[in-house]
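Thanks for asking me to look at this one with you.

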Amino acid sequence: VSRVIPVETFDLVIFGGTGDLARRKILPGLFRRFRSGQMPEGSRIIGAARSDLDQAGYRQMIADAVAEFGGEEKKDSKGLDAFIETLDYVAIDAKGDGGWAKLAEIVRKDVVQAFYFSVAPSLFGDLAERLHTNNIANEQSRIVVEKPFGRDLETARALNETLATHFDESQIYRIDHYLGKETVQNLMAVRFGNMLFEPLWNNHYVDHIQVTVAETVGVGGRGAYYDKSGAMRDMVQNHLMQLLCLIAMEPPSQFGADEVRDEKLKVIRALQPVEPHHIVRGQYDAGPNGPSYREDAENARSFTESFIAMKCEIANWRWAGVPFYLRTGKRMKARSSEITVVFKDLGHSIFEGDEARHRNILSIRLQPNEGMDLQVTIKEPGPGGMRLIDVPLDMTFADALGPDAEEVPDAYERLIMDVIRGNQTLFMRGDEVEAAWRWTDPLINGWEARNDVPKLYDAGSAGPEDALAMMHRDGRRWREIK
Ligand code: NAD
C-alpha cells in the first residue's frame, strides 16, 4: 500500500529548465514523484530558459535527460510518455522582456505556483523583479533558490535584500540538498524520537564528534568556478554547517520550520572563531587516476583548497569542551559521508585484565549504504572467561526496512514536494545563511591574508598528513574513509 500523499495541484516553473541541474536532478526526480502518484493530475512543469525550443522540443530534451540520468524508472516508457505530457516550455530572457508575456499567459493563478531559480545567482534579482512587473507572482507564490547563496556575508546580504524586495521570507525556499537526504532527517528522528540518545547527547557523555564528507571526483569540468570558491565556501559554509546544526541543536518545541531554524541559528551563533592551527587546507596532487587540482582548475598558481579539515567548538552549556571535527575533500579515497558521535570511555572496568578502551560510537552514514551503526561492547563468545569485544549493531536502512519499503526519494524530489506543500523546515532561512557567512568570512580572510598555501595530498588518499596529525595531537583518530 502506497503511503504517498499527493500534494496540491501546481504549476512549477523551472528557470534554467534546460540546464545541467534541471536535466540531471530536478526533472528525473519529478518523474519519480509523478510515478509514485504524488504529482496530482493537472499539475504542470514549465521549463523557462534561454534556448530557442518549443513544447515538443523541450519534451524530447527531458525524455532524453531521463534516459541518460534516470534510474530504474526510465524503463517505464508509458509512464514517461504520460509525464512529459505535463511539460511545457517558454523561451525567456531573464534580463530582457522576451518571453515574459507568454509565461504570464501560461501560469495559472488558481493553483500552487512555484518558481525554481535554477540559474546563476546573478540572475535571481532579475527574475524576482520580472515575476512581479509582469504580474505573474503573487503573495502565495513560492520561489526556490539554488546554491551558492553568496560568496561572503556582504553578497549573501545583498541577495537576501534583493529577494526581500519582492518576496516575503515565508515564500523563499533556499535549497541545501543535504537537508533533503533521508539519513539527515533520520538524524533528527534518532535524536528526538528515542529515549536512548538525547540524555547522553552532551559534554558529560560525548567525547567528540566527527563529520566527514569525502568525494572521489575532482573539480574537472567546473574548475574555473570552483577555483574562486574552494571547499570552505562550496561545502563547509552550507552542507557541513547544516549537518553540524542538526547534531548540535537543542530540541525544538516542535518539528516546525521556524522552531527548527531558530535552534539551528543558535548553534551557528555559538560557534567560536577557529584558530589557524585548527584548520588544515589541502589540494590534491596528480595521481594514477587523474591530474592535479591545479591542472583541473587551469590555474598553475592556485591556492584554493579542495580539502579542508577543522576543529570547531560550540560555546554553550551542552557542548563546551566537545570538539567537532569537520572534514571534506575531493579526489579522496572513497565517496563516503558520515556523522560520528564518539562517546566517552567507560570510567571504570569491573572486568579483571580488560585493558582495552571500550567506547560506544554512533555513526550515521549518509552515503553509501545509508544507515547507522552503534558500536557496543559485548562478551567475546566462548569459554575464554569475561573477555570483551566491540561489535557494531548495524542497521542499513535498505536491509532493515526490506524490499517492500517505499522507494526513498532523492533529496531534490523530496524538497520540491515540500515546496509545493509549503513546508520550509528543510530549507535555510536568510538569517541562518548570513550567520554562517559571519562565521566563515574571518577564517577565509585570515588564510588569504596569511597567503596560506594548501598542503598537497595524494589523489585517492584520506587527505594531507597534517589533517591526521591535527587529530593525533588531541589523542584521537579520524574514522577510516571506506
Ligand atoms: P547551466 O549553466 O547548466 O544552466 C543554466 C540555465 O540557465 C540554462 O537553462 C540557461 O538557458 C539558463 N539561462 C542562462 N542565462 C539566462 C538568461 N539570461 N535568461 C534565462 N535563462 C538563462 O547551470 P546549472 O549547472 O544547471 O546550474 C543552475 C544553478 O544551480 C546555478 O545557480 C548553480 O550554481 C546551481 N547548482 C547546480 C548544481 C549542478 O549540479 N549543476 C548543483 C548545485 C547547484
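1. Residues are numbered from 1 along each chain as its sequence is written. The model is predicted, so local features need pLDDT of at least 70 and side-chain atom pairs count only at pLDDT 80 or more, while totals for chains, interfaces and linings use all residues.

2. Start with the ligand. The largest share of its shell, three residues, is supplied by helix α1 (residues 20-36). There are 22 residues around the ligand, and Gly-16, Gly-19, Leu-21, Ala-49 and Ala-94 come nearest (a residue is near a molecule or strand if its C-beta atom, placed from the backbone, lies within 6 Å of it). Sorted by class, the shell holds ten nonpolar, six polar and six charged residues. Here Ala, Val, Leu, Ile, Met, Phe, Trp, Tyr, Cys and Pro count as nonpolar, Asp, Glu, Lys and Arg as charged, and the others, Gly among them, as polar.

3. Next, step back to the domains. Domain 1 covers 10-146 and domain 2 covers 179-410 + 427-473, with bounds that come from an automatic or database domain assignment. Their C-alpha centres are 34 Å apart.

4. Now find a helix pair. The axes of α7 (residues 182-193) and α9 (residues 230-248) come within 9 Å and cross at roughly 20 degrees. That makes α7 roughly parallel to α9 (angles under 35 degrees count as roughly parallel, over 145 as roughly antiparallel, 65 to 115 as roughly perpendicular and the rest as oblique). Axes are lines fitted to C-alpha atoms, for helices over the stretch in contact, and angles run from 0 to 180 degrees between N-to-C directions.

5. Which residues in α7 meet α9? Val-184, Leu-187 and Met-188 of α7 meet Leu-243, Leu-246 and Ile-247 of α9, where contact requires C-beta atoms, placed from the backbone, to lie within 7 Å. The residues of this contact divide into six nonpolar, no polar and no charged.

6. Finally, look at the backbone. Most residues other than glycine have a negative phi, and most peptide bonds are trans. A cis peptide bond links Gln-367 to Pro-368, with omega about -10 degrees. Pro-368 sits in the loop between β12 (361-367) and β13 (371-379). Asn-369 lies in the loop between β12 and β13, and has a positive phi of about 50 degrees although it is not a glycine. Another cis peptide bond joins Lys-147 and Pro-148, with omega about 0 degrees.

Note on methods: Helix = DSSP H or I, 4+ residues; strand = E, 2+ residues; numbered from the N terminus. Contact = placed C-beta atoms within 7 Å.
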